[in-house]
Amino acid sequence: MFKKQYESHESVSIIFEGKRLNVEKGLTVAAALLVSGNTVFRASVVSGEPRAPYCMMGVCFECLIEIDGIPNQRACMAPVREAMKIKRQIKP
Amino acid sequence: MAAAITARAHGLSVLVLDEQPSAGGQIFRNIETLEATRNSEFIKLGKEYEFGSSLVRRFKKSGADYFSDRSVWQIDNNLQIHHVSASSSKNNSVVSHCQAKRLLIAVGAMERPMPLPGWTIPGVMPCTAADVLYKSSGFIPDGKVVLAGSGPLLLLIGCRLLDVGVHVSAFLDTSMNGALLKALPLLPNALRSHKYLTRGLSLLWKIRKAGIPFYSGIQNIEALGSSKLEKVRIRKSGKSFDVKADLLLLHNGVVPNVQITRNLGCEHRWYDVQRYWEPIVDNWGNTSVDDVSIAGDCGRVAGAAISEASGHLAALETVYQLGIISQTERDKLSRTHRIELARHQHVRPFLDKLFQPSKKWLIPEDDKTLACRCEEVNVSEIRETVRMGIKDPDRLKSMTRCGMGYCQARMCGLTVSEIIAEENKVSPEEIGYFRVRSPIRPVTLGQVAEID
């Protein structure tokens with residue numbers, strides 16, 4: 001959906017759905033996941049349909065995701081940190 | 001930022017709470033880092049950004065206490081302001097509060113949601129989302145992009161995408177038929193700030209010259225795909241055709257972010273040309289609530305230059321209200337800002353009329369389209385509830401859950417007012433809006449428990 005224009009020099013590694021992912025330092029969780037090709041962040045609590053980040057500025061609450069065990073975090077507002085554990089919000 | 005600079009210049013103690021990660025708002029987002037580390041891109045953004053950068057520098061030097069990453073979630077009647085980290089809901093993410101004598105709200109605007117079938121599919125976004133990813137992260141859309149909507153911002157962002165080599169496979173113009181004709185009487189005055197007009201025309205020309213298929217008179221747009229966008233179905237002159245797309249960027253104008261002013265009980269009115277709610281203010285940005293004023297695009301949406309002037313004016317009023325300068329001094333000091341304000345304002349009535357949103361894109365024709373994304377309430381469910389005699393948005397909310405989700409009606413609020421108004425054949429002014437209650441940002445119980 002989105003791509004980098006250039007390679008970055010500094011990276012951090014995050015754990016998304018149990019897998020290690022090296023991403024550019026300074027990105028938000030939403031940007032980091034989108035550029036790594038992960039477009040589905042959660043399932044709608046009503047229909048279960050897949051949902052992705054929408055506004056990217058903290059207004060729409062579409063990008064809610066679990067970060068370090070705390071659910072419903074706005075991925076577009078949260079910067080990536082080393083060893084951050086991120087999980088999709090999909091009901092089993 | 002402008003208000004903080006002026007207030008500090010008169011010796012006020014100023015606290016600035018910003019929900020975003022760095023100063024600059026949406027227009028000048030991430031501007032300091034852009035200038036420092038991606039200078040060639042910064043220069044390409046144009047002269048305004050150089051100005052924006054100097055504004056941020058002056059703001060940072062002003063002596064105002066600036067806190068980024070702070071979400072205001074409650075404001076008490078005595079102007080005690082509660083705020084919390086915007087980026088984390090950890091209990092220890094510093095829940096805090098402060099006491100203000102005067103409050104200036106400058107939360108800016110947001111894109112008007114543009115509900116259409118399939119707009120919840122990953123790969124459909126408002127056009128500013130692409131702009132945020134570009135400015136904050138240096139990312140550009142990958143694959144085929146379809147732009148749809150109406151307004152100067154869509155042209156601007158479309159041109160930026162072309163500049164960085166993005167493949168735009170179609171431009172779907174949803175402007176109102178005959179809008180130009182309606183706006184024409186306002187043109188002579190608009191010519192007094194002709195820079196905006198020549199800029200707009202050059203953007204349009206660039207898009208046309210790039211050879212992007214440009215479609216006007218669109219009847220319907222539908223996003224199709226399952227876990228990601230695959231194509232956009234367009235209906236025009238009674239015929240449907242598909243355009244393959246990886247990203248559909250929507251835009252239907254910009255509306256004030258009224259969550260805080262609504263929550264505080266400020267009086268609002270319906271601005272019929274641009275079809276949104278705006279807080280009622282006097283010439284100094286004072287709202288109907290004592291000691292609460294606004295500046296910038298969270299009032300009448302008018303862009304960066306006007307927002308800045310209105311910030312200086314609101315600050316001068318605050319300085320006057322706190323007894324530091326006299327009324328005469330206030331008026332004298334405000335003169336240059338008033339001139340600046342007027343200089344940029346000539347063009348606004350014309351632009352507002354030219355890009356007035358047409359009904360078709362405010363209320364989706366397809367009744368199964370979701371109006372409320374969070375609780376998945378579609379247009380038909382809202383209409384049926386209204387036909388049962390429900391006229392009040394809050395009653396509709398309790399019956400349908402529309403507006404009860406995480407975004408707290410930021411995405412569906414305007415659509416709901418429009419639908420109820422249409423069903424009752426009245427103006428949304430008569431219908432009103434959802435009551436906005438605290439917390440205006442979701443907070444966890446753990447965070448509330450941290451408050452001392």
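**How chain B is put together**

In this predicted model, helix 5 (residues 127–137) of chain B lies across strand 8, strand 10 and strand 16 (247–252), and runs at about 80 degrees to strand 8.

Q: What makes strand 8 and strand 12 of chain B edge strands?
A: Each has a single partner strand, so one side of strand 8 (124–126) and one side of strand 12 (214–215) is left without a neighbour in the sheet. The open sheet itself has five strands, in the order 8-16-10-11-12, with parallel pairing.

Q: Why do strand 10 and strand 11 of chain B count as a pair?
A: Pairing takes at least two bridges, and strand 10 (residues 144–150) and strand 11 (residues 167–173) share six, in the parallel sense. In strand 11, Phe171(B) is the bridge partner of Leu147(B).

Q: What makes Leu248(B) a contact of Gly123(B) and Val124(B)?
A: Contact means C-beta atoms within 7 Å, and Leu248(B) is in contact with both of them, setting aside neighbours within four places in sequence. Its other contacts on that basis include Val146(B), Ala148(B) and Leu229(B).

Q: Which residues touch the most other members of the largest nonpolar core?
A: Val29(A), Leu147(B) and Leu248(B) do, in a core of 140 residues. Helix 11 (residues 304–321) of chain B gives the largest share of this core, eight residues. A second, separate core of eight residues includes Ile27(B) and Phe42(B).

Q: How do you know whether the radius of gyration of chain B agrees with a compact globule?
A: With 452 residues, a compact globule would come out near 22 Å; chain B has 22 Å, so the two agree.

Note on methods:
Residues are numbered from 1 along each chain as its sequence is written. Chains are lettered from A and ligands numbered from 1 in the order in which they are written. This is a predicted model: local features need pLDDT of at least 70, side-chain atom pairs count only at pLDDT 80 or more; totals for chains, interfaces and linings use all residues. The radius of gyration is taken over C-alpha atoms; the globule rule is 2.2 Å times the number of residues to the power 0.38. A nonpolar core is a set of buried Ala, Val, Leu, Ile, Met, Phe, Trp, Tyr and Cys residues joined through C-beta atoms within 7 Å. A residue is buried if 20 or more other C-beta atoms lie within 10 Å of its own, exposed if 12 or fewer, and partly exposed in between; C-beta atoms are placed from the backbone. Helices (H or I, at least four residues) and strands (E, at least two) are DSSP runs, numbered from the N terminus. Two residues are in contact if their C-beta atoms, placed from the backbone, lie within 7 Å. Axes are lines fitted to C-alpha atoms, for helices over the stretch in contact, and angles run from 0 to 180 degrees between N-to-C directions.
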